[in-house]
Amino acid sequence: MRSFSVNGRSAWAYVPLGAALVLASFSLRLRALLQTEFANGWDSYFYLVQLRSLVTEGQMHSPEWSLFYPLLLGMRWGCGDDLLAYKITAALLAGALTGLTFALALRLTRRLSLALLLGSFSVFSPHLTYFTAQYPKNLLGLVLFFAFLLLLDRRRPITSLLLGLANYFGHRLTFGLTVLFTGSFFLIKRINWKWLVQLLAIGGLLLGLATWIGALPAWADMERFKGILSTTPHLAAYSFIRDFSNRLTPFWTFEIIWTSLIYVLSLFFIKKNKYSPWHWSLFAICTLLIFPFFTWSYTGMAYRFFMVFVLLAPLLILQPLSGRTNRWLYLSLSIGLLLLSPWSNQAYQPKLHDADYAQYALLTQKAKAALLGHSVELIIAHNALAEYYTFTTGQDAMPWRPEYEIAPDRLWRIVADVRRSEMTRYLHPDDELIQLGVRYFLVQESAWQQLIARATAEQDDYLLERIYSWRNPHRLRPAFLLRKHKK
């Protein structure tokens, strides 16, 4: 990045202040993640299975091209513990995002007070704390995207382009944002043909490399986007607060409302044609992320898009405020946000937001003991439990029915949300039934499928409703996941 001055001093003079914000952000997030002895988030044990496979076998359990794993691996070598490496890596990424937010604000406004305000808000952000716990791989993509925004420079296109294209191996969502931002920025500003030729050349080389190593998505990957659109519109912020209300703190609710207001207020600034191409492009991306006709659900794209929107939207306030010299107001707000940060970061609560890993530990222990002496090839279990089981036992488990044939005595299932009376009613007397916990049982998959057939024949809708839920995986593994799970 080219050097620039702020208040007559080089921007490099403010590196110590930025570093202090990074340290504060890292420390608060690490403290939040260390609340539990288990890994954080619903997908964490998937990443830990990958990490352990890399350490012990030299290859991934499920081949996946991402820069997140080299970071994890490096941290694992440094601290010698899988779970601690995961937590430290996630917290470091949160600190990096805070530092990049400060640097971006400093570069775009040339005002230290505004940069300090945005950096302090990032330290304060309860949403960033939750995002760090649940989506560290997405957070890496955002870090790369923010770095791309910071280094975007028409005089040095190679550096910014390489960083933007590297996001393909950070996270696909933020790589898409990088492409959209670049296209929007140069269409608004004016296409530089030298820039465009270099973009095409580097893009062609990357595509060729990705094709050679097999990292490009297959057409089957498009299956994950089925049902992304809905004919019924919704407001993402309202939908999130409504569905997450029992797990939100007042600080977190404030952040959701405030970032949404920033977006709405930016509409009035746009009407006056005062936005730069950079801010226009950012506004376009934020608009896409809260598009009202995306289907809303916890597992849908709209939810993931909104999670990113909350972290991007504060940047929209930079240009409207850059012409206002309320230095002492910004400084007072920054101090207030920093003082409140130890409390705002309590928004993430493992008991409310994570899977029940304490229960999964007991279930796994009992299932492992019950299966001693059995030749088991695969366990079917619901999401999070399957990954935890794989990580702690080294035995394959997944939240899908396998698409290939497995001998009946080698394929088992951990059943959830059923009563013993319901199991014994539909199972054959010779079928082995092992109770693991309250409404958790271990049975062979062949026996379970026969149970479903009998319950269906008797139209036992009350039981069938629980059978066909996410806690009892019933779908075949989709095609877009097959390449990831080939060993």
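Of the chain's 487 residues, 52% count as buried, meaning under 20% relative accessible area with a 1.4 Å probe, protein chains only; over 50% is exposed, and partly exposed lies in between. This is a predicted model, where local features need pLDDT of at least 70, side-chain atom pairs count only at pLDDT 80 or more, and totals for chains, interfaces and linings use all residues. Residues are numbered from 1 along each chain as its sequence is written, and side-chain values use heavy atoms, with hydrogens and water left out.

The chain holds 23 helices and seven strands. Those are DSSP runs, numbered from the N terminus: helices are H or I, at least four residues, and strands are E, at least two. Contact means heavy atoms within 4.5 Å. Take chain contacts between residues at least 6 apart in sequence: 74% join residues at least 24 apart.

Helix α2, residues 44-57, and helix α4, residues 82-109, have axes that come within 10 Å and cross at roughly 120°. The axes are lines fitted to C-alpha atoms over the stretch in contact, with angles from 0 to 180 degrees between N-to-C directions. So α2 is oblique to α4. Oblique is what remains after under 35 degrees (roughly parallel), over 145 (roughly antiparallel) and 65 to 115 (roughly perpendicular).

Who meets whom? From α2, S44, Y45, Y47, L48, L51 and R52; from α4, D82, L83 and Y86.

Last, L30, in helix α1, residues 15-33. Buried or exposed? L30 is buried, because its relative accessibility is 16%. Beyond neighbours within four places in sequence, L30 contacts K87, I88 and A91. L30 and A133 sit 103 residues apart in sequence, yet 9.5 Å apart in space, C-alpha to C-alpha.
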